[in-house]
Amino acid sequence: MSALAYEARGPASALAMARWRRRSRLIRQLRVLLPLLIAAIVLSLVGLVVYRGLVGQAAKPVEAEAPIRLVNPRFLGRDIQGRSFVITAASAVRDENDYQRVVLDRPAMVVDGEGLSPMRLSARSGVFHEGDGILRLQGDVTLNDQAAAFDTPSAVFNTATGVLEGEGLITGAGPLGEIRARSYGVYDKGERMVFKGGVTGRITPNSP
């Protein structure tokens, strides 16, 4: 081989060798960087899973403790005397510690709505327990039927027995006139109303 031919091939071989060395360095770098990149991705995924798990566990108790709110609730039933009753309210919240206890906002109740003289009650607030069927009304309680109308601060109605009772000043007017008392009870399908404690009134005799 002539010296001229050797010199012609020498620079090309050197260039090829340089390229091979660059590729070798790149391959060695990739062999180090790729495992590190994969490890970083795996760690990121594990961290994301753990974070979501912790956040989810922290959120679940908050959701579980959130009270159950009811809008325009209705509770229907009949007492042992066969009279129907309907309890409604503007809104209600179930007690988170007692699912059957419902706190009512502006409750209203109609007893024996299908009868000749239905009894109606309303108040600012109340509590109805679906377990024992007791409705407790508080604040500006009004009680009326076709023949009488009364105002009192509180009332307790037993939806099982159909008995209505209350402690606190009651004032109003019935078939016999005006009356005031410190406690009261309504029995026998509303046909008998008993007043107790400091009873005063004005009797208005019926016209002949």
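How many helices and strands are there in the protein? In this predicted model, the protein has one helix and 14 strands, and the legends below take up several places within it.

**View 1. The whole chain, seen through its surface and its contacts.** Of the 208 residues of the protein, 26% count as buried. The accessible surface comes to about 14,200 Å², and carbon and sulfur atoms account for 59% of that area. When contacts between residues at least 6 apart in sequence are considered, 35% of them join residues that are at least 24 apart.

**View 2. A salt bridge between Glu114 and Arg78.** The side chains of Glu114 and Arg78 meet in a salt bridge, with an N to O distance of 3.6 Å. Because Glu114 lies in the loop between E6 and strand E7 (119-122) while Arg78 lies in strand E2, the pair ties together parts that are 36 residues apart in sequence. Glu114 is exposed, with a relative accessible area of 65%, and Arg78 also counts as exposed, at 51% relative accessibility. Side chains of opposite charge can pair when their charged atoms come close. The structure as a whole holds eight salt bridges, and two others are described in the next view.

**View 3. Two further salt bridges, Arg101 with Asp95 and Asp105 with Arg106.** In the pair formed by Arg101 and Asp95, the closest N and O atoms are 3.1 Å apart, and Arg101 is partly exposed, with a relative accessible area of 31%. In the pair formed by Asp105 and Arg106, the closest N and O atoms are 3.7 Å apart. Asp105 counts as partly exposed at 31% relative accessibility, whereas Arg106 counts as exposed at 56%.

View 4. Asn72 is found in the loop between strand E1 (68-71) and strand E2 (74-78), and its phi is near 50°, a positive value in a residue other than glycine. At 55% relative accessibility, Asn72 counts as exposed. Although Arg106 is not a glycine, it has a positive phi of about 50°.

View 5. Asp151 lies in strand E10, which spans residues 149-158, and is partly exposed, with a relative accessible area of 43%. Leaving aside residues up to four places away in sequence, Asp151 touches Val141, Thr142, Leu169, Ile170 and Thr171. The C-alpha atoms of Asp151 and Ala123 are separated by 9.9 Å, the two residues being 28 apart along the chain.

View 6. Is Ser183 buried or exposed? With a relative accessible area of 11%, Ser183 is buried, and it is found in strand E12, made up of residues 177-187. Not counting residues up to four places away in sequence, Ser183 touches Gly166, Glu167, Gly168, Ile170, Val194, Phe195 and Lys196. Ile170 is also among the residues that Asp151 touches.

Note on methods: Residues are numbered from 1 along each chain as its sequence is written. This is a predicted model: local features need pLDDT of at least 70, side-chain atom pairs count only at pLDDT 80 or more; totals for chains, interfaces and linings use all residues. Side-chain values use heavy atoms; hydrogens and water are left out. Helices (H or I, at least four residues) and strands (E, at least two) are DSSP runs, numbered from the N terminus. Buried means under 20% relative accessible area, exposed over 50%, partly exposed in between (1.4 Å probe, protein chains only). Contact means heavy atoms within 4.5 Å. Accessible areas come from the Shrake-Rupley method with a 1.4 Å probe; for residues, only the protein chains shown count as cover. A salt bridge is a side-chain nitrogen of Lys or Arg within 4 Å of a carboxyl oxygen of Asp or Glu.
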